[in-house]
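Hi everyone, and thanks for coming. Please have a look at it on the screen.

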Amino acid sequence: MHTAVPQPGQPLSARALAGSVWRNGDWRRRPIAQQPPWRDLAALSSVRDRLTVVPPLTAIADIRRLEASLAKVAAGQSFLLQAGDCVEPMDASAIPALRCKHELIGSMAETFSDRIDAPTVTIGRLGGQFAKPRSQPTETVAGREVTVFRGPIVNDHRPDPRLRVPDPHRLLAAYRAAKAVLSELHIIAHETATRGLPASDLTVLGEAGGEVSGLARPWDGSLRSVLEGYGETRRDEAGGWSRTGLWTSHESLILDYEEALVRRDRQTGEWFLLSTHLPWIGKRTAQPNGAHVAFHASIANPVACKIGPETNPAEVVELCRLLDPNRRAGRLTLICRMGADTVRDRMPELVRAVRNAGHHPVWVCDPMHGNTEVLPGGRKTRRTEQIMAEIEGFFETLRAAGEWPGGLHLEAAEGAITECIGTGGPDNAIALERNYQTLCDPRLNEEQSMLLADAVSRLVAKG
Ligand code: PEP
Ligand code: CO
């Protein structure tokens, strides 16, 4: 079927008529939380129009591959590791940091797979993790009240009132930054997959990712090895497990940005969010009657949703019903962030309710966001002991209920940052100051992450 190619500047309605722009505006009729107080609405509208005609960042075939991998996690056949910054940088530091993050998540995943002898699905909090939900509209920095930092997709982290004004042009900058990350991920995937291949086989390699059908024979073998089993550890020749590459994920928060990147699958007519592989709904926007749930209910990607200590059984069942009405394997991941002190109290009835309603999501533990501590003076930190305690409570609860504790969702970064207190990092509040870098929440450093991977892989292996 021929579909007219939409042109930039053509009115939205004309593009909608052309059949290639998403028309499901149902979410706009719902209460919406956490959107920036944009001032320049004309600029927002023109940026949105621009984003509806840019090339997508992810490929539908890849998103389907990820869903198949998540279905295996839901069935208890593999483990999931999702990790990265709380807020991803949008500047030039992002690309070198990406290589280190790939290395760190890959090493952690190999640790899990070697010990449990099963694949680990690897997903970064990257390629678009640029938006932050906030509890207050303003904050006080050095005695001055300024608009709160909502992530680099909205405003600048420097506490200058002019730089804190939400700027719609940042949505385009975010798209470009995410595109650079995706492109670098493709390059890393090629390098990983073709390591050791003779040069004569490498000369024909082009871009990885995207649809591969129809490619000429000589490209096939190498490209197939990049794409098959991408995003999960695979068994290597020596009998161990090796990393492949990372899928992307982010909190899909700023719906003007996300909606503009929805595209249609021409074969099936489904609508996919092509700003990422796995979007997630954050804790502050997970109201069952809210705009974010309506939006994610209408797209065909696998989706994740955070749940917390205030989520009750009726609510979690309603979220499952809305987000996964067809009970599709791999479609829904529930990321539980309860807090070490409440996980054993809150989780059992939620797990029971979801199972009794006939849903089988991927159950993931986020041991970071329920364990944030604000020290006198305002520094945010987390203690590795608390993080481990929540993971233990999560494993215990899921196992007691006969469910598979499917994975971990972490805020972690490369290098010797000093943001979380505990073994492998600073042991007190003063030592935190040595290398505290995060623009938002405190992350585990490299050593803490590897210690955690070791401890948790033992827990998984215990069965
Ligand atoms: C986050 O993942 O950085 C976040 C804001 O989490 P939550 O929605 O669980 O508070
Ligand atoms: Co965070």
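Let me start with arginine 331, which is buried, since its relative accessible area is 4%. Buried here means under 20% relative accessible area, exposed means over 50%, and partly exposed is in between, using a 1.4 Å probe and protein chains only.

Before going further, some ground rules: this is a predicted model, where local features need pLDDT of at least 70, side-chain atom pairs count only at pLDDT 80 or more, and totals for chains, interfaces and linings use all residues. Residues are numbered from 1 along each chain as its sequence is written, chains are lettered from A and ligands numbered from 1 in the order in which they are written, and side-chain values use heavy atoms, with hydrogens and water left out.

Back to our arginine. Where is arginine 331 in the chain? Arginine 331 sits in the loop between helix 10 (313–323) and strand 12 (332–336). Helices (H or I, at least four residues) and strands (E, at least two) are DSSP runs, numbered from the N terminus.

What does arginine 331 touch? Leaving out neighbours within four places in sequence, its contacts include Glu67, His296, Ile299, Asn301 and Asp324; contact means heavy atoms within 4.5 Å. Asparagine 301 is 30 residues away along the chain, yet the two C-alpha atoms are separated by 7.2 Å. The arginine 331 side chain also reaches the backbone oxygen of isoleucine 299 at 2.7 Å. A polar contact is a pair of N or O atoms within 3.5 Å; within protein, one must be able to donate a hydrogen and the other to accept it, and residues adjacent in sequence count only if both atoms are side-chain atoms.

One of those partners deserves a visit. Histidine 296 belongs to helix 9 (residues 291–297) and is buried, with a relative accessible area of 0%. Apart from residues within four places in sequence, histidine 296 is in contact with Ser252, Pro279, Ile281, Val303, Leu323 and Arg331.

Now let's zoom out. The chain has 14 helices and 16 strands, and 56% of its 463 residues count as buried. Among contacts with a separation of 6 or more, 73% are between residues 24 or more positions apart.

How are the strands arranged? Eight of them form a closed barrel in the order 1-2-7-10-11-12-13-16, with parallel pairing. From one strand to the next, the twist averages 25°. Two strands pair if DSSP finds at least two bridges between them.

Let's follow strand 16. Strand 1 (residues 79–84) and strand 16 (residues 405–411) run parallel and are joined by five bridges. Leucine 81 has leucine 408 of strand 16 as its bridge partner, while glycine 84 is partnered with glutamate 411. Strand 13 (residues 362–365) also runs parallel to strand 16, with three bridges between them; here cysteine 365 is bridged to leucine 408. Seven of the seven residues of strand 16 are buried, so the strand is largely enclosed by the rest of the structure.

Helix 4 (residues 94–116) lies across strand 1, strand 2 (120–125) and strand 16, at about 160° to strand 1. For such angles, axes are lines fitted to C-alpha atoms, for helices over the stretch in contact, and angles run from 0 to 180 degrees between N-to-C directions.

Next, the inside. In soluble globular proteins, nonpolar side chains tend to be buried together. The largest nonpolar core here has 101 residues, and those with the most contacts inside it are Tyr257, Trp363, Ile391, Leu408 and Val456. Helix 5 gives the most to this core, with nine residues. A nonpolar core is a set of buried Ala, Val, Leu, Ile, Met, Phe, Trp, Tyr and Cys residues joined through side-chain atoms within 4.5 Å.

Helix 5 (residues 169–194) also holds glutamate 184, which counts as buried at 14% relative accessibility. Its side chain makes a polar contact with that of arginine 99, at 2.9 Å.

Finally, the ligand. Ligand 1 is surrounded by 13 residues, and the closest are Arg125, Lys132, Lys283, Lys306 and Arg337; the cut-off is a heavy atom within 4 Å. Oxygen atoms of ligand 1 lie 2.7 Å from an N or O atom in the lysine 132 side chain and 2.9 Å from a polar side-chain atom of lysine 306.
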